[in-house]
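Here's a quick briefing on a protein and its RNA partner. Take a look at the structure first, then read on.

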Amino acid sequence: MVMNIFSAFRDRIVDAVESLGLETRDGNPLQTAKVNVEPPRDASHGDLATNAAMVIAKQVGENPRHVAEKIVAALENNPDIVEATIAGPGFVNLRISNAFWLTQLKLMADPHSGYGRSTIGGQKKVNVEYVSANPTGPMHVGHCRGAVVGDTLANLLAFAGYDVTKEYYINDAGAQIDVLARSVYLRYKQALGHAIGTMPEGLYPGDYLVPVGEALAEKHEDALLSMPEDEALAVIKDAAVDAMMALIRDDLAALNVHHDVFFSERTLHEGNGGKIQSALNDLTMKGHVYKGKLPPPKGQLPDDWEDREQTLFRSTDVGDDIDRPLVKSDGTYTYFAADTAYFVDKFERGFKEMIFVLGADHGGYVKRMEALAKAVSEGSVQLTVLLCQLVKLLRDGEPVKMSKRAGQFVTLRDVVDEVGRDPVRFMMIYRKSSEPLDFDFAKVTEQSKDNPVFYVQYASARCHSVFRQAEEQLPGTKADLDRLDLLVDESEIALIRKLAEFPRVVETAAVAQEPHRLAFYLYELSNSFHGHWNKGTDNEQLRFVKVNNPQLTSARLGLVQGVLNVLRSGLDILGVAAPAEMR
RNA sequence: GGUCCCGUAGCUCAGUUGGAUAGAGCAUCAGAUUCCUAAUCUGAGGGUCGCAGGUUCAAUUCCUGCCGGGAUCACCA
């Protein structure tokens, strides 16, 4: 069953076109791929519009309006099309019967139909990697947008029929983890009663490491002090990473973000770097690795630049700007070498598409990642990097000051605790991710129609309010999906038309990997619903609950049910609650 | 200097992968609202889509070059 009526009617239009038996000028088969059916920009044009005539006209060497006439004639017998007219340069505008809209509403209002779900993904295996914050402390507000965008995109893709895995890459190997371990070592000493003074420069000064030190002191007492330092640090490292990941998982849960897989970078280095070695062997076999020198960077030469021969990935062969080092001067693998092994691991797990949600400051990594995918998968994996622009935090219009050195950074938890999970999630997605975003604490908690979060959630609450009103005034009255034919008002049908856009929005947003479209759609739908409601203030006939007409009330409850179902499904994808009431 | 992102109404932003007269919210202005279901409602004005070329039936959308704003730029992670 195709729920996207736009693609359903597209099929009908294409059938109609092909039934005309038109001959192309060059004798090639008629190309209909560019034929589309969309909601017209102006509602007065009709319910659906197609560009079919204009696409076909050139191929057959005829005037577009003339082709349009033929298409209109071919559609004459279609029972769902009440009217087909030609407009502008050759658009065919269709008006759809109320009966058709009402069968759609029946689907929308049925909570078991899964209205809006799509099969467009074809159960393709997609890996969405997002957040992947270093396990060296709690998440700060900078991670917030990527977390929401990644999580929402993953939800959206799953809803659109993809087989999605949400993944987090734990950077638990490397210098910053050693710094973490040394910082915790000091906190451990402190917990044992040693004076540590102020944290030395370069270590993590945050208080969040204090309980980690205390837990170690409780478990090991002073045993770690008598060990050689590197052995003690190894023990501490494990405990510290576990503690930080626990912290981060809590933060993510507060944002309603839940990953399926947490992948540890350290597992790639285990066994003397076996996984990395075999990944590099794979790259070497495919002819992408060589020993050579890198040209010095342009512009100002770094102080410690050393011109040396090294093991390089010839990424320039596959679209990168510069070849990438795989082995450091001390003989250990570079971060990128581990990335290679990680990519190979994902590849072997069968993902056909990999999405990385990163902050805009990681723009420089895009090309090497794409190059990696091309080299390893030989073009069979589609890798996309979604760059999220930065978030500017505001309080009553004034920028919030943050100083990393002074340890004064706003944590993700601070923001969620202050404004709530729903406003954070909604506002982080209520903007194209390639666009910078202003986040004003005051505005996102405002209880007014000027606040989109409130406006959309309020639509959900209002739906429930109608059910409560109906129960109060007409006890026992339920939505009746078999008497939807009682819905005849243009304003009601218009609302159904808006609902009918949902499956299309899901599909286009999923394909474009632009989850913000869904948030904007939900706002528009709420706008239509509130608008219809407001008509009831002037015209009592349009109110949902009609005490003297239980049948009509039941039909209208069906409409409300449809609105509520779509709002719920949409908000669910956004990870935002659809409240029953707002007080 | 290289690369990537952005430039649309006074402000904040959408714009359905190339379609018709470019939209919404805020702000501004003009009306309505003693009745009503729940956090007022209706309407109006406001634009060289950064600039200049190109591709075509059709460009805010795709291509090229400029202008302006942001991010980033060896081995670190």
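Three strands make up an open sheet here, running in the order 8-9-10 with antiparallel pairing. Keep in mind that you're looking at a predicted model.

- The edges are strand 8 (289-293) and strand 10 (324-325), and each of them pairs on one side only.
- Strand 9 (residues 309-313) pairs with strand 10 over two bridges, in the antiparallel sense.
- In general, strands of a sheet pair through backbone hydrogen bonds, either parallel or antiparallel.

**Who surrounds the RNA**
- RNA strand B has 58 residues around it, and the closest are Lys 58, Phe 91, Asp 304, Tyr 458 and Trp 533.
- Of the RNA strand B atoms within 4 Å of the protein, 58% are sugar or phosphate atoms, and the rest are in bases.

**Polar contacts with the RNA**
- Asn 134 places a polar side-chain atom 3.3 Å from a sugar or linking oxygen of RNA strand B.
- Lys 432 has a backbone N or O atom 2.9 Å from a phosphate oxygen of RNA strand B.
- For Ser 434, a backbone N or O atom sits 3.0 Å from a sugar or linking oxygen of RNA strand B.

**Which elements build that surface**
- Elements giving two or more residues to the surface near RNA strand B include helix 2 (52-60), strand 4 (91-96) and helix 16 (452-473).
- Helix 19 gives the largest share, with seven residues.

Note on methods:
Residues are numbered from 1 along each chain as its sequence is written. Chains are lettered from A and ligands numbered from 1 in the order in which they are written. This is a predicted model: local features need pLDDT of at least 70, side-chain atom pairs count only at pLDDT 80 or more; totals for chains, interfaces and linings use all residues. Side-chain values use heavy atoms; hydrogens and water are left out. Two strands pair if DSSP finds at least two bridges between them. Helices (H or I, at least four residues) and strands (E, at least two) are DSSP runs, numbered from the N terminus. A residue is near a molecule or strand if one of its heavy atoms lies within 4 Å of it. A polar contact is a pair of N or O atoms within 3.5 Å; within protein, one must be able to donate a hydrogen and the other to accept it, and residues adjacent in sequence count only if both atoms are side-chain atoms.
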